[in-house]
Amino acid sequence: MQLKNNNLLQQQAFINGEFVDAKNGNTFNITNPSTGGFLTRVADCGAEETEAAVLFASVAFQEWKELTGIERGRILRRWYELMMDNIDDLATILTLEQGKPWSEAKGEIKYGASFVEWFAEEAKRVYGDTIPGHQRDKRIIVLKQPIGVVAAITPWNFPNAMITRKVAPALAAGCTCVIKPAEATPLSALAIAQLAREAGFPPGVLNIIPTNKAAEVGKVLSTHPIVKKLSFTGSTPVGKLLMKQCADTVKKVSLELGGNAPFIVFADADLDAAVDGAIASKYRNAGQTCVCANRLFVQEDVYDLFLQKYKAKVAYLKVGDGMEEDVVIGPLINEKAVKKVEHLLEDAVSKGAKKLLGGGRHELGGTFYEPTILADVAVTMDIHQTEIFGPISPVYSFSDADDVINMANDTPFGLAAYFYGKNIDLIFKVAEALEYGMVGINTGMISTTVAPFGGIKESGFGREGSKYGMEEYLVKKYLCLQVETN
Ligand code: SIN
């Protein structure tokens with residue numbers, strides 16, 4: 001791996017401010033999804049190292065929470081600056097372990113760092129309240145205090161940004177953290193741990209447990225009585241399990257789970273803008289984001305024209321190794337992901353969907369998959385109820401707003417939804433009727449530090465980013481003071 005700063009390639013766990021091996025010396029392989037080639041070996045931690053990290057985080061919490069928000073904010077700010085100074089190397093590590101194109105990886109590093117920058121500023125704005133007393137001799141004050149040790153379990157599709165989106169507000173609030181990065185992508189996490197050390201976080205404030213034993217480490221993080229809050233981004237089944245495991249110690253929980261985003265195009269929409277928005281939303285990260293357009297609904301009057309324009313552009317999306325120039329679609333993360341996409345495609349075609357573009361493994365081999373468009377998709381197909389996590393666009397037609405709202409809401413998920421149209425009455429009707437936590441209107445890109453990211457229904461709860469993001473890591477305490485009055 002060619003880096004300018006070789007300190008960023010760390011292979012050990014980061015516990016109490018030190019990079020350390022797993023207790024038993026075990027390691028596991030990290031591979032490059034573009035080539036299938038071996039990258040490096042990383043410490044394979046288990047319950048013992050996780051418990052140690054939780055204890056160190058608990059000790060560190062006692063001093064970290066006593067710093068002022070301004071002091072914590074300064075350290076976070078330095079961390080942000082170090083991320084930006086090292087952006088090229090961080091992007092290289094990310095592309096090599098995850099597969100997304102290097103320019104997109106750079107975009108993720110900027111996105112990830114922006115949470116650190118934002119919460120460095122928010123650290124000094126944890127305002128409480130004073131409430132007029134209910135009796136003449138009562139004074140009521142509401143304090144907001146850090147909840148304690150936070151566990152963060154993060155996914156492979158955004159190996160940098162999903163960590164910073166959780167830990168930046170937690171650290172700003174005065175909490176300390178134990179992070180379990182995804183098995184496939186621990187190197188990005190360990191690289192920012194190195195930068196955290198350089199930024200001056202005291203030992204124990206931030207800990208990273210790489211592991212190939214997700215269930216074992218997840219069990220400790222979700223059951224340990226010292227951990228007061230668990231934040232998870234990943235699949236709905238794993239989120240449900242973690243939530244159950246958190247119940248015994250009544251932890252505060254945030255879950256950002258699967259999505260099944262509808263992308264609706266009304267007949268009066270700017271079709272060229274809708275095509276660009278759909279491509280941006282659908283093919284970002286090769287279709288492997290929770291907010292990717294999962295089902296495209298196009299009003300029947302413009303169905304053929306939309307498909308013609310969409311196909312003309314999707315056909316030119318270059319697939320390849322993310323380190324090569326001009327590549328916009330990298331490989332899928334692993335063979336299991338390709339098999340899932342293949343099943344969804346076969347099921348849809350067997351039930352009447354038409355392959356308009358692509359529809360198979362890419363000639364590059366490995367886990368590369370062709371950008372695919374399926375027309376004449378129907379609600380009876382498995383793809384209607386499944387988060388694809390791959391580069392397939394299933395396109396349905398619909399007659400009117402009520403028809404498409406019913407189809408769009410026909411899912412247990414409720415993360416992101418998108419629609420394009422110009423009629424202002426229709427815009428409000430549809431925006432209010434969609435059962436989703438986030439709605440993009442005439443845009444396919446909604447992710448930003450300044451807005452609350454999160455879902456409803458089985459897509460989870462809790463919000464990340466924005467002024468709401470910090471609340472997840474704070475507890476409210478109300479003081480009732482009796483004073484003498486004459
Ligand atoms: C996700 O896929 O979970 C996150 C996507 C984003 O932040 O845009």
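This note sets out numbered points on a predicted model.

1. Basis. The model is predicted, so that local features need pLDDT of at least 70 and side-chain atom pairs count only at pLDDT 80 or more, whereas totals for chains, interfaces and linings use all residues. Residues are numbered from 1 along each chain as its sequence is written, and side-chain values use heavy atoms, with hydrogens and water left out.

2. Arg284. This residue lies in the loop between α9 (271-283) and β13 (293-299); helices (H or I, at least four residues) and strands (E, at least two) are DSSP runs numbered from the N terminus. Arg284 is buried yet has no salt bridge, and the nearest side chain of opposite charge, Glu104, is 5.0 Å away. Buried means under 20% relative accessible area, exposed over 50%, and partly exposed in between (1.4 Å probe, protein chains only). A salt bridge requires a side-chain nitrogen of Lys or Arg within 4 Å of a carboxyl oxygen of Asp or Glu; Lys and Arg count as positive and Asp and Glu as negative, while His and the chain ends are not counted. Not counting residues up to four places away in sequence, the contacts of Arg284 include Glu104, Tyr111, Phe158, Val291 and Met445, where contact means heavy atoms within 4.5 Å.

3. Positive phi values. Most residues other than glycine have a negative phi. Asn285, in the loop between α9 and β13, has a positive phi near 55 degrees and is buried at 2% relative accessibility. Asp376 also has a positive phi, of about 55 degrees; Asp376 lies in the loop between β15 (372-375) and β16 (392-398) and is partly exposed at 35%.

4. Salt bridges. A search of the whole structure finds 27 salt bridges. Asp402 pairs with Lys429, with the closest N and O atoms 3.0 Å apart. Asp402 lies in helix α12 (residues 401-409) and Lys429 in helix α13 (residues 424-433), so this pair ties together parts 27 residues apart in sequence. Asp347 and Lys351 form another salt bridge, at 2.8 Å from N to O; Asp347 is buried at 11%, whereas Lys351 is partly exposed at 39%. Arg165, Lys166, Glu256 and Glu464 are linked in a network of salt bridges.

5. Asn442. This residue lies in the loop between β19 (438-441) and β20 (456-457) and is partly exposed at 38% relative accessibility. The C-alpha atoms of Asn442 and Tyr420 are separated by 4.5 Å, although the two residues are 22 apart along the chain.
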